[in-house]
Amino acid sequence: MPQNNIVITMPDNSTRNYRSGITGMEIASDISKSLAKASIAIKLDGKLSDLSLPIEQNVTIEIIKRDHDDALELIRHDTAHVMAEAVQNLFPGTQVTIGPAIENGFYYDFARDEPFSTEDLPKIEKEMRKIIERGSKFEREVWDRNEAIAYFKNKGEIYKAELIEDLPENENITIYRQGNWLDLCRGPHLPTTRHIGNGFKLLKVAGAYWRGNSNNAMLTRIYGTAWRNEKELKAYLHQLEEAEKRDHRKLGTEMDLYHFQTEAQGSVFWHPKGFTIYNQLEGYIRRRLDNAGYKEIKTPQLIDNKLWEASGHWGKYRENMFVVPDEIPSTDENAPVVSDKAFEKLMALKPMNCPAHVQVFNQGTKSYRDLPLRLAEFGCCHRNEPHGALHGLMRVRQMTQDDAHIFCREDQITGESVAFCDLVKTVYSDLGFDDVKVVLALRPDIRAGNDEIWDKAENGLRQALIEAGLEFEEAENEGAFYGPKIEYHIRDAIGRSWQCGTLQLDFVLPKRLNASYIGKDGAKHRPVMLHRAILGSLERFIGVMIESYAGKLPLWLTPTQCVVATITGKADNYAREVHELLLKSGIRSELDIRNEKINYKVREHLVKKIPVLFVVGAREAEEKTVAIRRLGSKAQDVVNLNQAIQNLKDEAIPPF
RNA sequence: GCCGCGGUAGCUCAGUGGUAGAGCGCGUCAUUGGUAAUGACGAGGUCGAGAGUUCAAUUCUCUCUCGUGGCACCA
């Protein structure tokens, strides 16, 4: 019987004929010995596969070597498998669950009565090195579904059995073996464990819910990082250390910007320097909004729960609210602070501004001519966040949103959305953020309104993103219950992504709170509401900025823009004069006439990240000049005083 | 909220079953010095809170609290 011939197309479009059933490794060997040695996987029609997998039909192949981008994911995934074996070798009775490759590394979730501690990590690493050294082949097997379930159940691996039970009926159950150990896995894998190399390290132990659901058991997750070699690993670990140095929580203390304390957990005590940044940022946004046709308002913090009931927040969202009894508290030490009856009359700190903004809209009668009406507020909101969620400035319990609600007609949605997207783009660019991820969050399972409305809403936002020329990705199920949203995410120093700006379409709240306007036809109509924020919250955005700039903010945002430092006491009077002139020019200046050496002063101010130093001694006083030293440069420029002030003044002008 | 780890001077951190230490910062004095730390002296802490074990607890155990790495939730 003649052998089946198949045609293999190479990346350069040349073709080769092979017998059916040949493996990637055999093709590599056929091309050259060195290629066979260097190859770790193969792409069949663009899909990553094992080198050992028999090829049975015509395909285009690409042989993957260690330096290929896709190699990292394989290395990471395989390291996870090896870790799982190591853990089961060392801690019998531990169940394995899932262990994927992730950005920069991998993790594996284990179920074990006794949780792992950080001290176990070196032991596990040592065992992993043994397994890698062993060089077992990764061998792929296809198992019968029921046999697989029985096998894992019999081994006491109930999580694995559950995973297999939930796989679609038509999917092959593939098992990968490495020596005597095996795991359910889709693959693909490297040829052997030795191909993993030594560029890996276990980093941390964490808890994680089985299948990401907080009703399920808590598993122990071990995170690791894995790279092609030790050099890459070291570079990554170094990068992590550098990132830690720019953590806004660390810099916030060092730069004396703000603090937190237990009596007000999750709420910021802004210090003078930090609040300068806050005010500058708020002022900038205010100017931008004024110019974009927004009207600024201010609404109450404390609002009767009747409004929250009407808005719908008193339902599920209540668990995020701070509730306050509306009763005069007793001062009698022996009596309860408030009576039982107090709980019949509750108020709540607003967790969001929308219902209050609808109240402003609802005053008087609105005409279609009034729309769009853009109501803006630097709205102070309180949210009773779960304790584990709090994180420096990034996640707080009291925040100020740069919030606004646009009340408009349906035909104005796209126009307003496009205008907002443009506004966000220029604001982020003014603030120095170019790497922003835009997400269109689509309808969740639990939602208000019918599909027709959702179709319209989602298409409206999608259209706006396209018209604004923004690249974006779509996220199923991530929308709010009342409408889809556009989310702007910015990364922090260590790569965590935070949602900042947002645009949310809402057909529900205007109805619930009975907002209406008189149309051209003389009849009442329901306005559409666009919730939108550019920074998201001032707190979070400042946190992101501190990290992004590593504390060296643009001059207009810097709390202390200039320090006038003297070399000798003889220059004190001149220094005072220079300092006064700077203040009069609107420069945030500080005077340093302490009895310290100039070396000491220069060092101290540079460490504090003061961007500009005006150094003055007897010579400068005599010549009416200043010796300028800038952060990040050793140069000393002696400049005429008036010129120096003018230059600084020009440079410190905020954008817009 | 859940799992792990932590809380010692203003900050960063050592340390111990017999009520504590360093560096920086702070104060005083001397020093008037040209661009990354002048020197000397000094003042600071119920060792996160409460309970238990012990002759004795900052140290061991438990509970709470806050922080932290994740998870879940979210701007």
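**Entry: a threonine**

I started with Thr225, which is buried at a relative accessible area of 1% (buried means under 20% relative accessible area, exposed over 50%, partly exposed in between, with a 1.4 Å probe and protein chains only). I am working on a predicted model, where local features need pLDDT of at least 70, side-chain atom pairs count only at pLDDT 80 or more, and totals for chains, interfaces and linings use all residues. Residues are numbered from 1 along each chain as its sequence is written, chains are lettered from A and ligands numbered from 1 in the order in which they are written, and side-chain values use heavy atoms, with hydrogens and water left out.

I placed Thr225 in strand β15, residues 218–226 (strands are DSSP runs of E, at least two residues, and helices are runs of H or I, at least four, numbered from the N terminus). Its side chain reaches the backbone oxygen of Asn104 at 2.5 Å. I also noted a polar contact of 2.7 Å between the side chains of Thr225 and Trp227 (a pair of N or O atoms within 3.5 Å; within protein, one must be able to donate a hydrogen and the other to accept it, and residues adjacent in sequence count only if both atoms are side-chain atoms). Leaving aside neighbours within four places in sequence, Thr225 is in contact (heavy atoms within 4.5 Å) with residues including Phe106, Phe200, Leu203 and Tyr236.

**Entry: the largest pocket**

Next I turned to the pockets (a pocket is an open set of points on a 1 Å grid over the protein atoms alone, where a 1.4 Å probe fits, with protein on both sides within 12 Å along at least five of seven lines; lining residues have an atom within 4 Å of a point). The largest has a volume of about 1600 Å³ (the space filled by probe spheres set on the points, which are joined across faces, edges and corners). It is lined by 44 residues, and Tyr317, Met352, Arg383, Lys485 and Gln504 are the closest to its centre. I found that β31 supplies the largest share of this lining, 5 residues.

**Entry: the second largest pocket**

Here I noted about 1100 Å³ of space. Thr174, Cys185, Arg186, Gly187 and Pro188 are the closest to the centre among the 39 lining residues. Helix α3 gives the most to this lining, with 5 residues. Where does the second largest pocket lie? Domain 1 (5–65) and domain 2 (71–238) both give residues to its lining, so it lies between them (the bounds come from an automatic or database domain assignment).
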